[in-house]
Amino acid sequence: MIQAANPTDERAFGFLRINERETKPRTRGVTEIRGPYYTPMGKRYLQDVLETMGAYVDALKFAGGSFSLMPRQVVKELIDLCHAHDVQVSTGGFIEHVLTQGQEAVDQYVRECKALGFDIIEISCGFIVIPTDDWLRLIDKVQRAGMKAKPEVGIQFGAGGATAAAELEAEGTRDPEWAIQQARRFLDAGAYLIMIESEGITENVKVWRTDVASRMINALGLENLMFEAADPDVFAWYVKNYGPEVNLFVDHSQIVQLECLRAGIWGTKSLWGRVLTYKE
C-alpha cells in the first residue's frame, strides 16, 4: 500500500484500498513539481506541501532561474528541506540563459549547483539552438560533477516562458523524428530522464499533437520520459492513456489532484473507477 506523506505516519483511512505504487526512490510514476515561479515559495510553504504530500513528490524543479533572485542561504534551506523528505531538486532549464554568457559562466554554474546541493541539472534549448554534440558535452559535464543530467526535447521552436500561442505558431515546429534521435543519443550518454516539452504538443496549440507523444513513447520507452503536463486536462489524458505510472511534471498546486488520479480514488467522468494497478 502506498505510504503516507511522512513514512513514519499511518495513512488516514488506511482501510480503504488505493492503487499500490512504488515507494521512493521510484523508477516509474515519478512526479516532479514546479517550485517557486508563479508564486513565491519559502521553507514554511514548502514544508506544508511536503509534510502533507511529500510521499508523492519525487522531485522539485526551480523554474525560470528563480533561485538566482533569492538569497543563497534560502536556496540552500529549500534544497535541504527537500532532501529531508527524499525529494530530489532540479535546476529547471535555466542553463539556456547561462550558455549565452559563455563557457566560464557554465563552469561556474555547474560548480555552484553542486555546492548548493542540486541533484539534477535540466538541459534545455527552447529559446536557443545548439549542436547535439555540444549538448552531449553538457550532459557529460553535469555527470562528471556528480549530478544527474535531464535534457529537455520538444518540437516547438521558441518554447518556454509562456510565449503566446500565435507567436509559437509563427515560429513553426520541428520534425518529431529529430527530437527522438536526439533523445536516443542523450539516453545512450547516460541521461537520467528525458523531459518532453509540452509546447507544440499539448500546450499553446489549437489541436493536441498526441501523435507526437505516442511516437516518442514507442521509440524511447515510457520509463525514460517525463512529460510536462501542468494542466489538469493534460495530466488526466496521460494517466488515462498510459496509466498511473507515467512520469509527469506538474505545478506544485496540482500534486493532490494528480495523486488522486494515480491512486484511483477520484477523477473525471472518463477516469472515475478506471485507473487501476495490479501488483503481486
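Let's start with helix 10, residues 255-263. Ile255, Leu258, Glu259, Leu261, Arg262 and Ala263 are buried there. Buried means under 20% relative accessible area, exposed means over 50%, and partly exposed is in between, with a 1.4 Å probe and protein chains only. Helices (H or I, at least four residues) and strands (E, at least two) are DSSP runs, numbered from the N terminus.

A word on the source. This is a predicted model: local features need pLDDT of at least 70, side-chain atom pairs count only at pLDDT 80 or more, and totals for chains, interfaces and linings use all residues. Residues are numbered from 1 along each chain as its sequence is written, and side-chain values use heavy atoms, leaving out hydrogens and water.

Back to helix 10. What covers its buried residues? The cover includes strand 1 (31-34), helix 1 (43-53), helix 9 (232-242) and strand 8 (248-251). Just past the helix, Gly264 has a positive phi of about 75°.

A salt bridge is a side-chain nitrogen of Lys or Arg within 4 Å of a carboxyl oxygen of Asp or Glu. Arg21, Glu259 and Arg262 form a network of them.The structure holds 17 salt bridges.

Take Arg26 and Asp58. Their side chains meet at 3.0 Å, N to O. Arg26 lies in the segment before strand 1 and Asp58 in the loop between helix 1 and strand 2 (59-61), so the pair ties together parts 32 residues apart in sequence. Both Arg26 and Asp58 are buried.

Next, Lys150 and Glu32. Their closest N and O atoms are 2.6 Å apart in a salt bridge. Lys150 sits in strand 5 (residues 148-153) and Glu32 in strand 1, 118 residues apart. Lys150 is buried, at a relative accessible area of 0%. Glu32 is buried too, also at 0%.

Then Lys141 and Asp107. This salt bridge comes in at 2.8 Å, N to O. Lys141 lies in helix 5 (residues 132-144) and Asp107 in helix 4 (residues 103-116), so the pair ties together parts 34 residues apart in sequence. Lys141 is partly exposed, with a relative accessible area of 24%.

Now the whole protein. How many helices and strands does the protein have? There are 10 helices and eight strands. The radius of gyration is 18 Å, close to the 19 Å that the globule rule gives for 280 residues, so the protein is as compact as a globular protein of that length. That radius is taken over C-alpha atoms, and the rule is 2.2 Å times the number of residues to the power 0.38. Buried residues make up 50% of the 280.

Methods:
Contact = heavy atoms within 4.5 Å.
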